[in-house]
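Hi everyone, thanks for coming. I'd like to walk you through one model today, so let me put it up on the screen.

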Amino acid sequence: MHSKTSNKQLTDLAASFGTPLYVYNANKITAQYQQLLTAFEPANTRFFFACKALTNINILKHVRTLGCNIDCSSINEALLAIRAGFEPKNILYTSNGIAFDEIETAVELGININIDSLSNLKKFGEKYGHSYPVGLRIRPNIMAGGNLKISTGHEKSKFGIPLEQLDELLAIIQQYNIYIAGLHIHTGSEIKDVDVFMKVADIFFDLVPHFPEIKFLDLGGGFKVPYKEHEIGTDIALLGTKVKEAVEKLTHTYHKNFQVWFEPGKFLVSECGSFITQVNVLKNNAAATFAGINSGFNHLIRPMFYEAYHRIRNISNPDGPVKEYAVTGNICETDTFAWNRPLNEVREGDLLVFDNAGAYGFEMGSNYNSRFLPAQVMLKDGEAFLIRKRDVFDDLLRNQIELV
Ligand code: LLP
């Protein structure tokens, strides 16, 4: 399997499709999924790809062919999943702050739903009573994740039903005889520490007796992947072992079987992605040497929005002497991808590649400054497929109503 995209492939793709260009290696997604299957093999586990990370329809179809399920964060993602051929029973809609009519649509589609507010749960009970199994998103009051913007389980988080409202929650369930089939907790993204997931398992352990019809325990996503050189991600094998132990304890204590669900996004698609850009302008001044590229935070917002680190490589001059650069975009405000970044000597026209660009890269892109969204290419078994065309001028006007 060619799960690593070579510099030669990237250079050839840039020549064929132009830059900026997103490239996704489908074989890497396969390898990551296999790693999950191996680590969790003994436990009764289902994985749902958190497709908010990357929704190109061809990526979704590839994920489906692996046998993976899919987690959605809007009804449109659920419709995309159906379009990609996922069966409703393999689709999960983990909602947050949504209008009740999206939950009604989800029920009509026959997909799994995690409800995250008492308000929607009440409406759900009034309309469906015990007729449709549903999961509950709980807020555990655990601080975890790479930074505050991607932490979701803490005491000030908008997500889920706070643990301290358990009595109210149980009263609503009882009042409408709601069929609670599962519990869900997602504490954040980029969680390296396996024990965070074990803390969640402990919370589930205490909650389970309140929900006699429960079948699944959903621990969300958030596995950390290495962004920096020599960085270590979540130890998936260790997590597999610990989850198995936790499930055995639950089964032993409560005399019933539980299915464990996970919703990995970054783990499946971060590392498969490369973002190829080209250097427009070199600018020297006392503070830095700027390498100004033909992209900006409109194409990859993670560095500006989260101060996220992405490895950047000069694939046009891989043996050049190493110097420090500020890598900046062409958007008309501060638009910095990296400061003081050692790179092989950069010349105008060189190709700079961003690694780990698969998750939340294109997906969070925009047309700010009326710039085009990049094209997307999927590599599968060494073959390249264009899976999204670069925008053209008409795309900027699409949906605008030009008054005369
Ligand atoms: N499940 C739920 C309910 C989620 O909210 C998320 C991510 C996931 C699963 C998948 O998390 P992952 O495995 O990808 O860490 N845009 C940010 C990340 C935001 C994550 C939002 N929720 C970034 O680029 O770092």
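This is a predicted model: local features need pLDDT of at least 70, side-chain atom pairs count only at pLDDT 80 or more; totals for chains, interfaces and linings use all residues.

Let's start with a pair of strands. Strand β17, residues 375-380, and strand β18, residues 383-388, run antiparallel and are joined by five bridges.

You'll find Glu-307 in the loop between α11 (302-306) and β13 (312-314). For context, most residues other than glycine have a negative phi, and most peptide bonds are trans.

Which residues does a cis peptide bond join? They are Thr-19 and Pro-20, with omega at about -5°. Pro-20 sits in the loop that runs between α1 and β1 (21-25).

Asp-12 forms a salt bridge with Lys-8, and the closest N and O atoms are 2.6 Å apart. Why does that spacing work out along the helix? Because Asp-12 and Lys-8 are four residues apart in α1, about one helical turn separates them. Across the model, the count comes to 15 salt bridges.

Let's zoom out to the domains. The domain assignment gives domain 1 as 26-268 and domain 2 as 270-391. Their C-alpha centres lie 32 Å apart. Domain 1 brings 24 residues to the contact, and domain 2 brings 21.

How much area do domain 1 and domain 2 bury between them? About 2200 Å², with 53% of it on carbon and sulfur atoms. On the domain 1 side, keep an eye on Lys-149, Tyr-227 and Lys-266: these supply 25% of the area that domain 1 buries against domain 2, more than any other three residues.

And the polar side of that interface? Between domain 1 and domain 2 the count is one salt bridge. There are also 13 residue pairs in polar contact between the two domains. As for where domain 1 does its touching, the elements that give two or more residues to that side are α2 (26-40), α3 (57-65) and α10 (266-269). Of these, α2 gives the largest share, five residues. Sorted by class, this side of domain 1 has ten nonpolar, seven polar and seven charged residues.

One more ion pair before I stop: Glu-190 forms a salt bridge with Arg-302, and their closest N and O atoms are 3.0 Å apart. In general, side chains of opposite charge can pair when their charged atoms come close.

Technical notes
Residues are numbered from 1 along each chain as its sequence is written. Side-chain values use heavy atoms; hydrogens and water are left out. Domain bounds come from an automatic or database domain assignment. Contact means heavy atoms within 4.5 Å. Buried area is the accessible area (1.4 Å probe) that two parts lose on being put together, summed over both. A salt bridge is a side-chain nitrogen of Lys or Arg within 4 Å of a carboxyl oxygen of Asp or Glu. A polar contact is a pair of N or O atoms within 3.5 Å; within protein, one must be able to donate a hydrogen and the other to accept it, and residues adjacent in sequence count only if both atoms are side-chain atoms. Ala, Val, Leu, Ile, Met, Phe, Trp, Tyr, Cys and Pro count as nonpolar, Asp, Glu, Lys and Arg as charged, and the others, Gly among them, as polar. Two strands pair if DSSP finds at least two bridges between them.
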